[in-house]
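These are my notebook entries on a structure of interest. I set down what I looked up, entry by entry.

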Amino acid sequence: MSGRYVGQSVLRNEDRRLLTGHALFVDDVRLEGMLHAAFVRSDHAHAEIRSIDVSAALEKPGVVAVYTAEDLGDYWRPGPLLVPPPPIEGIVFNQATQVPLAKGRVRHAGEAVVMVVAESRYLAEDAAAEIFVDAEPLEAVVDLERALEPDATVIHPQLGTNLAAHVVQRHGDYDDAKARAAHVVTRRFHYDRGIGGAIENRAVVARWDEQAQELTVWDTTQAPIPIRNGLAGMLGLMQSQVRVIAPFVGGGFGPKIMMFYPEEVLVPWVAMQLGRPVKWCEDRQENFFATTQERAQVHDAEMAVDADGRILGVRDTFIHDCGAYDPYGLTVPINSQCTLLGPYDVPSYEGEFRAVFTNRTTVTPVRGAGRQHGVFVMERLLDLAARLVGIDAAEIRRRNYLVQDDFPHDHKILFQDFQPLVYDSGNYRPALETALELIGWTGWAEEKRRAADEGRRLGIGVVSYVEGTGIGPYEGARVTVEPNGRVRVATGLGTQGQGHYTAFAQIVAEALDVDVADVLVTTGDTREFNWGTGTFASRGAVVAGSACHAAAQQVREKAVGVAARLLNVPESEVELAAGCARVRGEPERSLTLGELAMRANPLRGGVTPGTEPGLECTAYFGPDRGSTASGVHAVVVEVDAETAMAKFLRYVVVHDCGKLINPMLVEGQVEGGVAHGIGNAFFEQLVYDEQGQLMNASFADYLLPTSLDVPRVGMAHRETPAPMNALGLKGVGEAGCIPTGAAFAQALEDALDDYELEVREIPLSPNRLFELLRDAPRRTSPALSETHA
Amino acid sequence: MPSSVEVSTTVNGEACSRTVEPRLLLSDFIRHELGLTGTHVGCEHGVCGACTVLLDGQPVRSCLLFAVQADGHALETVEGLAPADGPLHVLQEAFRDAHGLQCGFCTPGFLMTLVPFLAENPAPGEDEVRLAISGNLCRCTGYAKIVDAVLLAAERMRGAKAGDLLSIEPDPAPALAGGTA
């Protein structure tokens, strides 16, 4: 459905408030009598706490309360397991979720140990500095393989092991495939940690209203309804007594969905204990230690191909780093395991992983959520196999893509939503050909040679990916036409800049034929909408958007029915246009939607039995499975072999997220994702030392890409509609960052093809690339460029 | 050191005085003493640029200054760019038209960095724009649409005719070939 509003690059409804500085973010909330919290955090990555001395802090001016784990009494308990282990045969899962304040033992540097509440943040931090935590350091388990060694210190003694999970998924017979293969490629690959990097840190404000017996919490969460429900349970309140508001949120990228962060558990409780509002705002340094991270895995992978480069099978065994706790279950490693398969026909697959606890900050999804690791492994294996077969990177992908007749395609393993990994739709080869054309694949050898004549090293890379998006369980929406003719939409998820205020308005405007600017969308306020899950897994537009569509269609039917009755014509004679319902062919016989809304809610007379007053409907959408987005990324880099600095010269994304609601917003999502991916590939890495200390916990030392690092992205949209929802939508929020590392690696090897260089790790940095080049022997003859057409 | 000092500044054209602790950061002064919460705090160590305001017309990181350092000086914040219910500043309008913002948290810092930049450099090229914003971090956009917004604003400020604006719409072909980043 490309319509008057859906499918158009409509400008955003939310921009004015954001541009003028009048949008409410959590740190902007100011309440009478509000107190401020600060946390004492562990200096050690792993230690036994012997004693905590808070006496000096309690003497400090302005200090109202100080809490250790002991002071929390029965309220102290480990957090919930967000995602239980999927029903995979033989699965091992050991649960150890985070705690509000460390009791007895600290398990990562930056873990919260003491909470201080004072009249101002300055005073709270002053007092926190006076608190002495006496702790006996234990071995910090940092290395993933070390975690599994029998003599490694066990992080959660009650488990008796650092193994958090062991999962094997397979289909077909890989050993047989290997026996029949013309070539087998075997390699080890490393992926390391980075941050979500939202420019707004986390924040929580809570107020207990004694008279109304009501708790209001402002929270930078991506999932306000589950937070509301969880808080009500923990605090012994009715869900209806708790209102959670995620107002404007300054970027999410995954870590803001973690439930429950210690601060989210503590701030509301303390506000109730003290009878005063309490605010906590994370600072950037805390964010590096206390907000969840992602991406450390070590893969041992092999691919068996026939003489033509067709995949016969893949085996991948990896270790996944959970960090100190595993509240998010196995979403990230299962995404890695599943997404590895990509857009390819893989007749046999053996995927096995062990998740391990380490003394580092807890891991939960960060934009991509494990998918990039799988894509990196698969795409690298394909590149290596192509070299053995003697074909180029594009050709080996062409030979292995699933084709149109293959859909729906069942990979016969389980995805993160516990449903079979079934691709609903896709059309991969045309995307590749478009990307090759846009990046300049044909004629690349010539371009590269010309550059070489000028002393410049250029390299090209092209890779593919598939992303499972738009998973269930469900979202809902309520659409209301108000008597002034404007339309209100409320949905339960939170929004962090994706443009939901506009995209959902477009969907509703399309159904009711009103201006997009007249549709006011509310997200992230549990008072406005009572049901929902949250914004994650590239699902907001797909799942909540589909609910908005369904609710708007029902309102439309209702409006037509009311108009037909009032205008005394059959419903089939009524059409909606320009904010009015009118008789087809007699446009002068019309009523505005506002009038209809008023007449549908009379003060006298009867509302017909079996009908509901007003022009309002609520609808839900719960897909059986997600919808499969896909794409191809291509990149040209220039590398200085002396300094090991690489520059991204051109970047092309051909992506398919089904039907586009708003191409401008989709471009923005993809461009931002690519920037995040470029950061992960070459600039960003969390550097931990052997003691589990994070060495670069500031924006001065951890390098987010700047305007000088990120190129423009050349883009082409393909629209293979999703069969799973009425609008044909697929998610796009994470797509931009998923295959970036793989594309960069291939391009680096091309640019440096006179070195025996294989890029088997991400992130790289100029420093790391320098080391790799220093250790790489020079080739006697160029190897790679000849395989390009 | 005295426990409190008086700070008198002009903020968005209005005189205002407060008695504050000498250690109070200018960013906290603006946000929490004056209630102008459009200025955002992203890192508190002077890297992200979200807290950028104008001090006597020059962009400064308000998290790296104390409020007392603004005593006797003029401050301008994002709230001063456009009247409450009036038309947006041409730069704000261009950010909207070019989709130069997503979550909008870093946006006020970009705007306050760019207002003096465009005053000094009314006809910047893309490279100059990228350099001008290289001290402001944005995690959402990948910067391309911010660059577009600045070029669009510059062109509008120069009084270009509406029809000419098309010439700076993002054009994949030359951008791909050129590569300024």
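**Entry 1: domains of chain B.** I looked up the distance between the centres of domain 1 of chain B and domain 2 of chain B, and over C-alpha atoms it is 23 Å. Domain 1 spans 5-80 and domain 2 spans 90-167; such bounds come from an automatic or database domain assignment. I then noted that 15 residues of domain 1 of chain B are in contact with 11 residues of domain 2 of chain B, two residues being in contact if their C-beta atoms, placed from the backbone, lie within 7 Å. On the side of domain 1 of chain B that touches domain 2 of chain B, β3 (52-55) and β4 (58-61) of chain B each supply at least two residues. The largest share of that side, 3 residues, comes from β3(B). By class, the side has 7 nonpolar, 8 polar and no charged residues. In this classification Ala, Val, Leu, Ile, Met, Phe, Trp, Tyr, Cys and Pro count as nonpolar, Asp, Glu, Lys and Arg as charged, and the others, Gly among them, as polar. Helices (H or I, at least four residues) and strands (E, at least two) are DSSP runs, numbered from the N terminus.

**Entry 2: basis of the model.** I record that this is a predicted model, in which local features need pLDDT of at least 70 and side-chain atom pairs count only at pLDDT 80 or more, while totals for chains, interfaces and linings use all residues. Residues are numbered from 1 along each chain as its sequence is written, and chains are lettered from A and ligands numbered from 1 in the order in which they are written. For chain A the mean pLDDT (the predictor's confidence in each residue, from 0 to 100) is 95, and 98% of its residues reach 70 or more. Over residues 784-789 of chain A the pLDDT is below 50, and this stretch has 15 contacts in the model beyond near neighbours in sequence.

**Entry 3: chain A against chain B.** I found 48 residues of chain A in contact with 45 residues of chain B. On the chain A side, α1 (15-19), β28 (645-656), α17 (663-683) and β29 (713-718) each supply at least two residues. The most comes from α17(A), with 7 residues. The side of chain A that touches chain B has 22 nonpolar, 15 polar and 11 charged residues.

**Entry 4: domains of chain A.** The assignment gives domain 1 (297-471 + 624-787) and domain 2 (472-621) of chain A. Their centres, taken over C-alpha atoms, are separated by 40 Å. The contact takes 21 residues from domain 1 of chain A and 18 residues from domain 2 of chain A. Here β19 (457-469) and α17 of chain A each supply at least two residues of the domain 1 side. That side divides into 9 nonpolar, 8 polar and 4 charged residues.

**Entry 5: a sheet of 4 strands.** I traced an open sheet in chain A with the order β22-β21-β20-β26 and mixed pairing; two strands pair if DSSP finds at least two bridges between them. At the edges stand β22 (519-522) and β26 (615-621) of chain A, each with a single partner strand, so one side of each is left without a neighbour in the sheet. Neighbouring strands are turned by 15° against each other on average, direction ignored. Strands β20 (residues 475-481) and β21 (residues 487-491) of chain A run antiparallel and are joined by 5 bridges, with A:Arg478 opposite A:Ala490 in β21(A). Helix α14 (residues 500-512) of chain A packs on the sheet, touching β20, β21 and β22 of chain A, and its direction makes about 135° with that of β22(A). Helix α15 (residues 540-567) of chain A lies across β20, β21 and β26 of chain A, at about 145° to β26(A). Axes are lines fitted to C-alpha atoms, for helices over the stretch in contact, and angles run from 0 to 180 degrees between N-to-C directions.

**Entry 6: a hairpin.** Strands β24 (residues 580-583) and β25 (residues 586-592) of chain A run antiparallel, joined by 4 bridges. A:Val583 stands opposite A:Glu586 in β25(A). Of this hairpin, with 2 residues between the strands, I noted that A:Gly585 takes a positive phi near 80°.
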